[in-house]
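Here's a quick tour for anyone opening this structure for the first time. Take a look, then read on.

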Amino acid sequence: MRFKTLVLGTLFIFGLLLTSGISYGYERAIEAEMADMIEEPMIIADDANASGGQFVWVEGEPATGGGGAGSVTFNIHIPEPGTYALWGKVIAWDGNSDSFWVNWMPMDSDENPQETNNTEFRWSVAGGSDWHWDRINHWLNGGTFDREWEVAAAGDTTLRIGVREDATMLDVIYITDNLSADEAEVGPRDPIPEDSITPVEPQAKLATTWAALKAGR
Ligand SMILES: [Ca+2]
Ligand SMILES: [Ca+2]
């Protein structure tokens, strides 16, 4: 009886080791509208179908051209070194509203692709007029490939998503160390309370408060 318990216990511990050895299993979702910095003309807009009821974009008709100004920036603490992928929950109506610039520092160079046009940071967003998930890729001149980032040490990182074409919509960013290209296997998801250890106010509310304060002077 004791032997059987010992064997079962040992098997259980081996099982735990195997499971934890495959992957650290880090994942986190962040509302786009919760960005630490929103640079105009990128703005927060309402949509009942968006996670949290809000998303970010440069407002306008998708076929008007333009773009290249505005961004959202996220300060993200990564607790474990590892290799990470990013997914975005997006809407891209057409070929004139289906790209962003993405650089994640310190893994990427801290340049402004809106000025350098460095295709290394060009994200070709999968088309679709309903909210859908798209693995962040780089759209190089020779083809489009899923991106991954090697985080050498735990610590603070800065993710910047810059506007390339107006009207491309971003609802949620999902960070994972599951590098599968299969959406069903990765299971990108909307934020849950556990994602925000320190809850933050949406930027729109901060802006409203600030405007109200100024008006009240
Ligand atoms: Ca395009
Ligand atoms: Ca959202």
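Let's start with the calcium ion (ligand 1), which is coordinated by Gly95 (O), Asp98 (OD), Glu165 (OE) and Glu165 (OE), at 2.2 to 2.5 Å. Donors here are N, O and S atoms within 2.8 Å of the metal (3.2 Å for Na, K and Ca), and sites may look incomplete because water is not among the atoms. Along the sequence, the donor residues follow the spacing G-x2-D-x66-E.

A note on the source: this is a predicted model, where local features need pLDDT of at least 70 and side-chain atom pairs count only at pLDDT 80 or more, while totals for chains, interfaces and linings use all residues. Side-chain values use heavy atoms, without hydrogens and water, residues are numbered from 1 along each chain as its sequence is written, and chains are lettered from A and ligands numbered from 1 in the order in which they are written.

How exposed are two of the residues? Buried means under 20% relative accessible area, exposed over 50%, partly exposed in between (1.4 Å probe, protein chains only).

| Residue | State | Relative accessible area |
|---|---|---|
| Gly95 | exposed | 53% |
| Ser180 | buried | 15% |

Ser180 sits in the loop between β14 (169-176) and α3 (183-186); helices (H or I, at least four residues) and strands (E, at least two) are DSSP runs, numbered from the N terminus. Leaving aside residues up to four places away in sequence, Ser180 touches Trp87, Arg135, Glu185 and Val186, with contact meaning heavy atoms within 4.5 Å.

Now the sheet: five strands make it up, open and antiparallel in pairing, in the order β2-β5-β13-β7-β8. Its edge strands, β2 (37-39) and β8 (122-124), each pair on one side only; two strands pair if DSSP finds at least two bridges between them.
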